[in-house]
Amino acid sequence: MTVRRFLGISLLAVVAGCNQTDKPADLGVTSDPSGVQAAAQQQTQVAVIQGSCPQVFLRDGTSVLQRYGKGAKDDPQNLAYQVTLADTTRQCVLNESQLVMTVMVQGRVVIGPAGAPGTTVNVPIRVAVLDGTNSLYSQLVQFPITIPADGSAGQFIFTQGNVAVPGGSGSFTKVYVGFEEGSAKKKK
């Protein structure tokens, strides 16, 4: 019985020793002035819990883009390529006055009968942030996608960083992503 107690106490001492540190940096003590700046920067940018980060939605009717060759439209034999947006995610950081998001969308490109394998095409993707009916952010990006040279389907990730909205945006804030016709202009 005494041996068991001794072994138990020894085991606890070993485990406790594994949790100790004698490095000043691990204790938050540093003589490096840049450490103070890093701590101040961490206080001004606080990661937001994903549940508080506005959700990303694909806008109805804008998640599929079809391009036809030779001026044709809606003719499956003249389809050059089709691009589809699928899964979405986001990451948010909160600073003194803004919520800054990085929006990501996974997509797929498929070549059609009139398409050219190995070419790069630009597709218009709009990222918009709405709080109810109030527009907080809107930007159109011409995103380059390369059609695989072997004619197979290709996948891509569209990333739009620095999507900034006011920090106190309402609980009805939503991010919308979708294809749009037009030139790459920024609207706010």
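The model is a predicted one, so a few ground rules apply: local features need pLDDT of at least 70, side-chain atom pairs count only at pLDDT 80 or more, and totals for chains, interfaces and linings use all residues. Residues are numbered from 1 along each chain as its sequence is written, and side-chain values use heavy atoms, with hydrogens and water left out.

To start with the overall layout, the chain has two helices and 10 strands; these are DSSP runs numbered from the N terminus, with helices being H or I over at least four residues and strands being E over at least two. Going along the sequence, the order reads α-α-β-β-β-β-β-β-β-β-β-β. Of the 188 residues, 29% count as buried, where buried means under 20% relative accessible area, exposed over 50%, and partly exposed in between (1.4 Å probe, protein chains only). The accessible surface comes to about 12,100 Å², and carbon and sulfur atoms make up 53% of that; the areas come from the Shrake-Rupley method with a 1.4 Å probe, and for residues only the protein chains shown count as cover. As for contacts (heavy atoms within 4.5 Å), those with a separation of 6 or more come to 73% from residues 24 or more positions apart.

Next come the rings. Three aromatic pairs turn up in the structure. Rings of Phe, Tyr and Trp (its six-membered ring) pair if their centres lie within 6.5 Å, with planes under 30 degrees apart counted as stacked, over 60 as edge-to-face and the rest as tilted. Phe143 and Phe156 make a tilted pair, because their planes sit at 45°, with ring centres 5.7 Å apart. Phe143 belongs to strand β7 (residues 134-146) and Phe156 to strand β8 (residues 154-166), so this pair ties together parts that are 13 residues apart in sequence. Both Phe143 and Phe156 are buried. Phe143 also pairs with Phe158, and here the planes are at 90° and the centres 5.2 Å apart, so the pair is edge-to-face. This second pair again runs from strand β7 to strand β8, so it ties together parts 15 residues apart in sequence. Phe158 is buried, as is Phe143. Taken together, ring pairs link Phe143, Phe156 and Phe158 into a cluster.

Some rings have a charge over them, meaning that NZ of Lys or CZ of Arg is within 6 Å of the ring centre and within 35 degrees of the ring normal. Arg59 lies over the face of Tyr176, 4.4 Å from the ring centre, while Lys174 lies over the face of Phe57 at 5.2 Å.

There is one salt bridge, that is, a side-chain nitrogen of Lys or Arg within 4 Å of a carboxyl oxygen of Asp or Glu. Arg126 and Glu180 form it, with the closest N and O atoms 2.6 Å apart. Arg126 is in strand β6 (residues 120-131) and Glu180 in the loop between β9 (173-179) and β10 (186-187), so the bridge ties together parts 54 residues apart in sequence. Arg126 counts as buried because its relative accessibility is 12%, whereas Glu180, at 29%, counts as partly exposed.

Finally, Val56 sits in strand β2 (residues 56-58). Val56 is buried, with a relative accessible area of 12%. Leaving aside residues up to four places away in sequence, Val56 touches Thr88, Thr89, Arg90, Val103, Val175 and Val177. Val56 and Val177 are 121 residues apart in sequence, yet 7.2 Å apart in space, C-alpha to C-alpha.
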